[in-house]
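Thank you all for coming. I would like to walk you through one model this morning, so please have a look at it before I start.

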Amino acid sequence: MPPLPILCLLWCFLRSCWAESALISKLQHGEAKELNGVQESQHEKVVRVSGEGMIHSPGFPHTYPRNTAIVWRLVTASEGSRIQLTFDSRFGLEDPEDGVCKYDYVEVEEISEGLVLGRWCGSQDVPGPQVSKGNQIRVRFVSDEYFPSDPGFCIQYSLLQQKPDAPVVMPLLPVLQTVEALGDAVADFGTVEELLKYLEPDRWQLDLEELYKPTWHMLGKSFFVQKKARGVVDLNLLREEVRMYSCTPRNVSVSLREELKRTDVIYWPSCLLVKRCGGNCACCSHRCYDCHCTPTRVTKKYHEVLMLKMRPGGRGPQKSLTDVPLEHHEECSCVCKDDSD
């Protein structure tokens, strides 16, 4: 029979192995559990989207529980697919405070950009449809320990197949009888190559070579003054410079009190940078007399700031961190407004 110390060492070794095996089994069970297409993890529930389905707050359409945090990550198998979210008309969470959803809310995040598309609470307005830009989108539901509401929320998700890009068809060359007609025809081209293909489809390559050939009688002052290393001017880069100063989203500093129309509080910082449309619309159509740089896609982003509110009785200001919603312009366009409007 082996000596007692050896038996003790053997027993400790076997006990350690059993404990490690049990721990690994527990972790594997806790990390991933798949049921009906929903894979649950410690951090989020992964939903494989292959058709239509729904996610909702616990207990919907009745009161949801307190102290709850659930995250769903909806994923499609195809990179070219998109996901559409549609909220049920029955919607009700705890009301916001000062117009901000701070306690109970549901929010949708665009994973490809790390951007929160919206955060909603209360029961006044049902959120509109949301469409992912990639093949994933995240939904987050949070409730605190006070004032749960009903009915909560329910979101129907569906799969949108991305249509393949249509082949580019060059328009037929019209009869360009006036300078204005020529200006309208070439305004939308992005590169010199595209423009020359349009104007001279049979000999555009020859025109391109001639255009950039550095001959003495063709070189302008820009060659001598700016010391062009290649001896040619890249018109495509010049067009990009024009676009930089044209109608595009750009950083603008806004005053939070003016933006939020709050005169009873002080914010710190008092100003934040947002993306707003601005720039030159001078290259609008010659037939337009009133052209404005107008946002065509707007999103709402939340920024955490310090809010100071005066208290009565000469006491110091009340201090709290709060999320303020600010509009950001993501896409802009020069829109013609007829003088007769």
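This is a predicted model: local features need pLDDT of at least 70, side-chain atom pairs count only at pLDDT 80 or more; totals for chains, interfaces and linings use all residues.

Strands here are DSSP runs of E, at least two residues long, numbered from the N terminus, and two of them pair if DSSP finds at least two bridges between them. β4 and β11 (residues 154-161) run antiparallel and are joined by 4 bridges; they belong to an open sheet of 4 strands, in the order β4-β11-β6-β9, with antiparallel pairing. Its edge strands, each pairing on one side only, are β4 (53-56) and β9 (130-131).

Now to the loop between β10 (136-143) and β11, where we find D144. D144 is buried, meaning under 20% relative accessible area with a 1.4 Å probe, protein chains only, yet it has no salt bridge, which would take a side-chain nitrogen of Lys or Arg within 4 Å of a carboxyl oxygen of Asp or Glu. The nearest side chain of opposite charge, R66, is 6.9 Å away, whereas the side chain of D144 reaches the backbone nitrogen of Y146 at 3.1 Å.

Lastly, β7 (residues 105-110) and β8 run antiparallel, joined by 5 bridges, and V106 has W120 as its bridge partner in β8.

Notes: Residues are numbered from 1 along each chain as its sequence is written. Side-chain values use heavy atoms; hydrogens and water are left out. Buried means under 20% relative accessible area, exposed over 50%, partly exposed in between (1.4 Å probe, protein chains only). Lys and Arg count as positive and Asp and Glu as negative; His and the chain ends are not counted. A polar contact is a pair of N or O atoms within 3.5 Å; within protein, one must be able to donate a hydrogen and the other to accept it, and residues adjacent in sequence count only if both atoms are side-chain atoms.
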